[in-house]
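Please read this briefing with the sequence and the 3D view open.

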Amino acid sequence: MAMIPMITFMEGQRLWWLLLIPVLLVLYFGLLHRKSTRSRTSGISNLDKVLPKQQAWKRHIAVGAAVLSLAALNVAFAKPSDQVDVPRDRATIVLTLDVSRSMIAEDVQPNRLDAAKEAAKEFLGMLPARFNVALVAFAGSASVVVAPTTDRGLVSRAIEGLEVAPSTAIGEGVYSALDAMALAPPDPDHPDDPAPGAIVLLSDGFTNIGRKSASAAEEAKKQGIPIYTIAYGTEDGYVVDGGRREPVPVNHEELQRVADISGGKKFAAGSESELKQVYASIAEQVGYVKEEQEVTEVYTGYALFFALLAACAVISLGARWP
């Protein structure tokens, strides 16, 4: 659910000028009433018969736009501020990929793992150039494949070289991602500050070995590192084992729990195109941070727009047609 922006004002006392607007409106409608009354009592003058009749809607637009312009200008005068999206200057993203055997299921073409590799490599290009990216792979165990780096080519080649292995240890994958996050280089301008970052974890299965994923998510929460989980695959996925089909449905519940506990968000993708859209959404979320900033220019722009609209209406009223 979208949240209504909470606007604050640096010079809130200046908003008292808005009280003049209802006064102006009362004056306008009073003049309209007076003119209407006079027309009914005195009749139509010869001048009214000769001159083109003014279109009332243009007059109303001119007045309404002028009033809105004044209101927007007054809001700008009060120096409003709001939460706006500001690009992060630095962050570390740990891309954590499930390489368990279920990732060879072909419900996603050509198979889950190959499609995930292609989408992950595209994801690298969506992140700001100064972001560090690390790569963690997990199956029955987990390991840091690439430590945090800005070398996208190095990470891309490492993704390409991933191979499947037995079992699934989502919890171990999270713990290894936290280890990778600790390797992020410090900010030269703020060496004592912890590096901001997030874990992007893609999986299709259930934890069946290693430490609990919920405990790992709790540790991520303690460190202030949200986990964006991606439940990847469909309910119809299967692998062939000994000539028999073995179903490998996606475990949405566990990945939802990991995201919720850590303060992140859970996504789902049932195809390569959907996965790319998910990665694009995550890149947008981790690439920006909410900051309180003055937005005076926004309301100044509104004031200019309504002023131009009022001016056009007035010019139209004043034009004489042959």
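The points below cover salt bridges, aromatic pairs, a helix, a strand pair and a surface patch. The model is predicted. A search of the whole structure finds seven salt bridges. The count of aromatic pairs comes to three. Strands β4 and β5 pair in the antiparallel sense.

**Salt bridge R112–D204**

- R112 and D204 form a salt bridge, and their closest N and O atoms are 2.5 Å apart.
- R112 lies in helix α4 (residues 112-126), while D204 lies in the loop between β6 (197-203) and α7 (213-222), so the pair ties together parts that are 92 residues apart in sequence.
- R112 is buried, at a relative accessible area of 0%.
- D204 is buried as well, at 1%.
- Both values fall under 20%, the limit for buried.

**Salt bridge K121–E160**

- A salt bridge joins the side chains of K121 and E160, at 2.5 Å from N to O.
- This pair links distant parts of the chain: K121 sits in helix α4 and E160 in helix α5 (residues 152-160), 39 residues apart.
- K121 is partly exposed, with a relative accessible area of 22%.
- E160 also counts as partly exposed, at 41% relative accessibility.

- K276 pairs with E272 in a salt bridge, with 3.5 Å between the closest N and O atoms.
- The two residues are four apart in helix α9 (residues 272-286), so about one helical turn separates K276 from E272.
- K276 is partly exposed at 25% relative accessible area.
- E272 is partly exposed at 22% relative accessibility.
- Elsewhere, salt bridges that share partners join D107, R112 and D204 into one network.

**Aromatic pairs**

- Three aromatic pairs are counted.
- One of them is Y299 with Y302, an edge-to-face pair at 5.5 Å centre to centre, with 90° between the planes.
- Y299 and Y302 are three residues apart in helix α10 (residues 296-318), so about one helical turn separates them.
- Y299 is buried, with a relative accessible area of 17%.
- Y302 is partly exposed, with a relative accessible area of 44%.
- F305 and F306 form another edge-to-face pair, at 5.3 Å centre to centre and 65° between the planes.
- F306 is partly exposed, at 22% relative accessibility.

**Helix α6**

- Helix α6 (residues 170-182) has 13 residues.
- It reaches 19 Å from its first C-alpha to its last, close to the 18 Å expected at 1.5 Å a residue.
- Helix α6 is mostly covered, and eleven of its 13 residues are buried.
- The buried residues of α6 include I170, G171, E172, G173 and V174.
- Y175, S176, A177 and L178 are also among the buried residues of α6, as are A180 and M181.

**Strands β4 and β5**

- Strand β4 (residues 132-138) and strand β5 (residues 142-149) pair over five bridges, in the antiparallel sense.
- A hairpin of three residues joins β4 to β5.
- V133 has T149 in β5 as its bridge partner.
- A142 belongs to strand β5.
- A142 counts as partly exposed, at 23% relative accessibility.
- A142 and L97 are 45 residues apart along the chain, and their C-alpha atoms are separated by 9.6 Å.

**Nonpolar surface patch**

- L24, L27, L31 and L70 form a nonpolar patch on the surface.
- Together these leucines have about 370 Å² of accessible area.
- Helix α1 (residues 20-42) gives the most to the patch, with three residues.
- L24 is found in helix α1.
- L24 counts as partly exposed, at 40% relative accessibility.

Methods. Residues are numbered from 1 along each chain as its sequence is written. This is a predicted model: local features need pLDDT of at least 70, side-chain atom pairs count only at pLDDT 80 or more; totals for chains, interfaces and linings use all residues. Side-chain values use heavy atoms; hydrogens and water are left out. Two strands pair if DSSP finds at least two bridges between them. Patches are made of residues with over 30% relative accessible area and no salt bridge: like charges are joined within 9 Å, nonpolar side chains (Val, Leu, Ile, Met, Phe, Trp, Tyr) within 5 Å. Accessible areas come from the Shrake-Rupley method with a 1.4 Å probe; for residues, only the protein chains shown count as cover. A salt bridge is a side-chain nitrogen of Lys or Arg within 4 Å of a carboxyl oxygen of Asp or Glu. Buried means under 20% relative accessible area, exposed over 50%, partly exposed in between (1.4 Å probe, protein chains only). The expected span of a helix is 1.5 Å times one less than its number of residues. Rings of Phe, Tyr and Trp (its six-membered ring) pair if their centres lie within 6.5 Å; planes under 30 degrees apart count as stacked, over 60 as edge-to-face and the rest as tilted.
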